[in-house]
Amino acid sequence: MSSHNLSEIQLGDLTVLGYSVAGEETVIALPQLDVCFDVGKAPDQIIPISHVLLTHGHMDHSAGFAYYLSQRKFCGMAPGTILAPANLIRTMEEILDSWGRLDGNRIPANLVGVRPGDEYAIKPNLFARAFPTRHTAGSVGFTVLEKRKKLKAEYAGLTGPQIVELKKQGIAIDNPVEIPIVTYLGDTQYVDFSQLDYVVHSRILIAECTFYEDEHVGRASAGRHMHVDELAGLLGRLDNEHVIISHLTARTPMSEARKMLKKALPPATHEKVIILMDRKYRRP
Ligand SMILES: [Zn+2]
Ligand SMILES: [Zn+2]
């Protein structure tokens, strides 16, 4: 029996599993990539995932981090890795120390502090890259991207043995390419993320949109969150295949959020959008 009833969205070969209600809990996992964005209250389904990418310390995003780590130990798994803003690591270690004293068992952990621009290898060729957001001191978003090598155009017609020969001569025959797979903005005030090429071209964008009512534009920036009108402006400058909306408040009914998104977005953009918690809306 699972601890949570998570939303599940299938996007081609990737599954997105998650729960996100502002102030209550946010946890969004992509099991095939072995990453979980924020940890919420550590639902059972994310325990086998080896990497948690924590965007900031607010309780609704971080509450379960110690439990996640201890459940991995309990289940005989390797210590979990948590990437988190570098300024939070010491506090997180103190929390683990306190839990260790309370529980009587030390919780094994691999805590990795990240600053904007840092990269961490999740698997060979798969990396998490942190970028700055505007929410709390040190808050970050993450893009998970694949790095491959692509044969330079001028060598495209060569045979295998010819390529081997060039390699032997030490000639660089390929260029590095990056394929951004998923970007998670975490909680953030509006920022022009279109300045980051890997965000623009991420196959999947997971964006918060906390405020929907017209009169709440000011409240969105005061609370360092995004309003639907700001999201609409941003999406107009991005080129994602799928956009998943997270972090709705309990105050905005789902039907209202659907209506406001439809009103704010041009049809071609609206077509790509899925509200994480809108279980009625599934895409093959
Ligand atoms: Zn939040
Ligand atoms: Zn927050």
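Two residues are in contact here if their C-beta atoms, placed from the backbone, lie within 7 Å. I start my notebook with that rule.

**Ground rules**

I am working on a predicted model, in which local features need pLDDT of at least 70, side-chain atom pairs count only at pLDDT 80 or more, and totals for chains, interfaces and linings use all residues. Residues are numbered from 1 along each chain as its sequence is written, and chains are lettered from A and ligands numbered from 1 in the order in which they are written.

**Whole chain**

I looked up the secondary structure and found 9 helices and 14 strands. Both are DSSP runs numbered from the N terminus, helices being H or I of at least four residues and strands E of at least two.

I then checked the overall dimensions. The C-alpha trace spans about 65 × 55 × 35 Å along its principal axes.

Of the 284 residues, 39% are buried. I call a residue buried if 20 or more other C-beta atoms lie within 10 Å of its own, exposed if 12 or fewer, and partly exposed in between, with C-beta atoms placed from the backbone. For contacts between residues at least 6 apart in sequence, I noted that 57% join residues at least 24 apart.

**Helices α7 and α8**

How do the axes of α7 and α8 cross? I found that α7 (residues 228-235) and α8 (residues 254-264) have axes that come within 10 Å and cross at roughly 45°. That makes α7 oblique to α8. The axes are lines fitted to C-alpha atoms, for helices over the stretch in contact, with angles from 0 to 180 degrees between N-to-C directions. Angles under 35 degrees count as roughly parallel, over 145 as roughly antiparallel, 65 to 115 as roughly perpendicular and the rest as oblique.

I listed the residues that meet: Val228, Asp229 and Ala232 in α7, and Met260, Leu261 and Ala264 in α8. They divide into 5 nonpolar, no polar and 1 charged. In this count Ala, Val, Leu, Ile, Met, Phe, Trp, Tyr, Cys and Pro are nonpolar, Asp, Glu, Lys and Arg are charged, and the others, Gly among them, are polar.

In α2 (residues 65-74) I marked Phe65, Ala66, Tyr68, Leu69, Ser70 and Arg72 as buried. Their cover includes β5 (51-53), α1 (59-62), β6 (81-85) and α3 (89-103).

I looked at α4 (residues 160-168) next. The number buried among its 9 residues is 0, so α4 lies largely in the open. Just after α4 comes Gly170, with a positive phi of about 80°.

**Ile107**

I followed Ile107 because with 22 C-beta neighbours inside 10 Å it counts as buried. It sits in the loop between α3 and β7 (110-114). Leaving out residues up to four places away in sequence, Ile107 touches Ala66, Leu69, Ser70, Lys73, Leu96, Trp99 and Gly100. Ile107 and Leu69 are 38 residues apart in sequence, and their C-alpha atoms are 6.6 Å apart in space.

Most residues other than glycine have a negative phi. I noted Asp38, whose phi is positive and near 60°. Asp38 lies in the loop between β4 (35-37) and β5. Is Asp38 buried or exposed? It is buried, with 30 other C-beta atoms within 10 Å.

I also noted His247, with a positive phi near 65°, in the loop between β13 (242-246) and α8. His247 is buried, with 28 other C-beta atoms within 10 Å.

**Asp34**

Asp34 is in the loop between β3 (25-30) and β4. I counted it as partly exposed, with 16 C-beta neighbours inside 10 Å. Not counting residues up to four places away in sequence, Asp34 touches Ile49, Ser50, His51, Ile122 and Lys123. The C-alpha atoms of Asp34 and Ile122 are separated by 7.7 Å, although the two are 88 residues apart along the chain.
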